[in-house]
Structures are given as structure tokens and as C-alpha cells.
Amino acid sequence: RNQVMSDEQAVQSVSAASRQKSQALFQQAFDFVRQGNFKQAHDAFMDAERLNSSDKMISELRLKMDSVIAILPTAPAAESPTGDLIRKGVLQFLQNEPSKSLNFLLYAEQKDAADKTIPALVDLVKRAFPNETSEILDARLNLIDQKLQRALEKIYSGEYLVAAKECQEVLDLEPDNALALTRLGSVYYAMGQVKQARAYWK
């Protein structure tokens with residue numbers, strides 16, 4: 001009987017150690033994605049899945065990374081016009097944020113129309129989330145200009161939360177965009193939050 005108890009404790013100990021190692025690999029995989037090392041992220045998810053095969057989230061993430069690395073094993077350098085945008089797009093895809101993912105990827109596509117991997121990533125996100133409709137509505141305008149125009153229209157129609165969302169999406173792509181900051185200030189001013197508005201107008 002003592003042997004059975006110690007065997008069960010050993011199994012529980014190994015199981016706990018495997019889960020802990022799996023969790024560490026899971027975190028490491030996300031770090032690899034942030035660095036643009038998609039193949040290494042995929043391998044870390046695979047190792048985590050082997051250690052904890054009952055965790056469906058790890059399996060789903062590994063499947064998503066299968067699709068990503070078939071298109072792009074490594075992101076362009078962070079200093080390139082699209083490198084950071086692609087990293088953020090893939091990260092948002094993994095975190096089930098298709099709208100944010102498409103914003104980053106569509107903007108990257110506009111910055112480097114010659115890179116054929118970016119439209120493939122856009123298609124991947126759209127296939128994984130078929131109800132997502134983040135489209136570029138007017139091919140003559142870039143994504144930033146369209147979002148700023150939509151924000152202005154929503155301010156005029158009194159839809160302040162939608163306007164704020166559009167401005168925030170621009171700031172996600174271009175954190176120092178002066179027009180987005182100004183319009184976000186206008187949204188807060190229109191909602192009677194003058195102090196907040198002034199902070200954005202500075």
C-alpha cells in the first residue's frame with residue numbers, strides 16, 4: 001500500500017513538473033513571437049504541447065503557428081518598415097484579437113506592397129476569423145487616413161466611443177500621430193471631459 005501511495009505521489013510530482021515546464025515554454029513562445037522568431041515560437045509551443053497534451057489552448061496556438069511559419073518563419077528586422085507591425089499582427093492573431101491583428105497587417109501591407117507574405121498573413125487571419133471585416137474601404141487612402149476620416153465622421157455624428165476607438169487604433173499603429181491625438185482630445189472635449197481633452201491636445 002505504501003508503494004502505491006509513493007507511486008501516485010511520484011506521478012503527481014512529474015505531472016506538476018511537466019505542467020510547470022510547459023507553462024515556461026508557453027511564455028517563452030510568446031517572447032519568441034515578440035522577437036519575430038516565429039519558427040522558434042512554434043517549436044516552443046510544440047514542446048509545451050508534448051508536456052501538457054490536455055491543454056487545448058496550447059494545441060490551438062501551435063496550430064496557428066503551423067500556419068504562420070508556413071508563410072513566414074521569421075519576421076523582417078524590427079528596424080524595417082514592416083517588422084514591428086508584422087510581429088504585433090501575429091501576436092494579436094494568437095491572442096484572438098483579429099481586428100487588431102488585421103489593422104497591423106493591413107498597415108504593414110500598405111508600407112511594403114512588394115512583400116507577398118503580408119497578404120498571405122492577412123488571408124490567414126481572415127480565414128481563421130471569417131466574421132471579421134477589417135477592410136480598407138477606399139484603396140486611394142491608407143489605413144491611417146481612413147481611420148482618421150471615420151473618427152471625424154463619428155465625432156460629427158455624436159458617436160464618440162466609436163470615434164475614440166478609431167483614434168486609438170491609429171495610435172496603436174502610430175503612437176505619435178498628431179491628428180489622432182487631436183481628434184481623441186476632441187472626443188473627450190465633446191463628452192465634457194475637458195481635463196482629459198487637454199492632455200491629448202498637448
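**Terms and model.** Buried means under 20% relative accessible area, exposed means over 50%, and partly exposed lies in between (1.4 Å probe, protein chains only). The model shown is predicted: local features need pLDDT of at least 70, side-chain atom pairs count only at pLDDT 80 or more, and totals for chains, interfaces and linings use all residues. Residues are numbered from 1 along each chain as its sequence is written, and side-chain values use heavy atoms, with hydrogens and water left out.

**View 1. Asp66 and Arg62 form a salt bridge.** A salt bridge is a side-chain nitrogen of Lys or Arg within 4 Å of a carboxyl oxygen of Asp or Glu. Here the closest N and O atoms are 2.5 Å apart. Both residues sit in helix α3 (residues 56-71), 4 residues apart, which means about one helical turn separates them. Helices (H or I, at least four residues) and strands (E, at least two) are DSSP runs, numbered from the N terminus. Asp66 is partly exposed, at 28% relative accessibility. Arg62 is buried, at 18%. A search of the whole structure finds 11 salt bridges.

**View 2. Glu169 and Lys147 form a salt bridge.** The closest N and O atoms of Glu169 and Lys147 are 2.5 Å apart. Glu169 belongs to helix α8 (residues 160-173) and Lys147 to helix α7 (residues 143-156), so the pair ties together parts that are 22 residues apart in sequence. Glu169 is buried, with a relative accessible area of 9%. Lys147 is buried too, at 4% relative accessibility.

**View 3. Arg150 and Glu166 form a salt bridge.** Their closest N and O atoms are 3.4 Å apart. This pair links distant parts of the chain, with Arg150 in helix α7 and Glu166 in helix α8, 16 residues apart. Arg150 is partly exposed, at 21% relative accessibility. Glu166 is buried, at 7%. Salt bridges that share partners join Lys147, Arg150, Lys165, Glu166 and Glu169 into one network.

**View 4. Ala180 is buried in helix α9.** Helix α9 spans residues 178-190. Ala180 has 0% relative accessibility. Contact means heavy atoms within 4.5 Å. Not counting residues up to four places away in sequence, Ala180 touches Leu148, Cys167, Val170 and Leu171. Ala180 and Asp145 are 35 residues apart in sequence and 9.8 Å apart in space, C-alpha to C-alpha.

**View 5. Val68 belongs to the largest nonpolar core.** A nonpolar core is a set of buried Ala, Val, Leu, Ile, Met, Phe, Trp, Tyr and Cys residues joined through side-chain atoms within 4.5 Å. This core has 52 residues. Val33, Phe38, Phe45, Met65, Val68, Ile86 and Leu94 touch the most other members. Leaving aside neighbours within four places in sequence, Val68 is in contact with Phe38, Val90, Phe93, Leu121 and Leu124.

**View 6. Asn96 has a positive phi.** Phi is about 60° at Asn96, although Asn96 is not a glycine. Most residues other than glycine have a negative phi. Asn96 lies in the loop between α4 (83-94) and α5 (98-111). Asn96 is partly exposed, at 44% relative accessibility.

**View 7. Helices α5 and α7 pack together.** The angle is about 130° and the axes are 9 Å apart. That makes α5 oblique to α7. Axes are lines fitted to C-alpha atoms, for helices over the stretch in contact, and angles run from 0 to 180 degrees between N-to-C directions. Angles under 35 degrees count as roughly parallel, over 145 as roughly antiparallel, 65 to 115 as roughly perpendicular and the rest as oblique. Asn103, Leu106, Tyr107 and Gln110 in α5 meet Leu143, Ile144 and Lys147 in α7.
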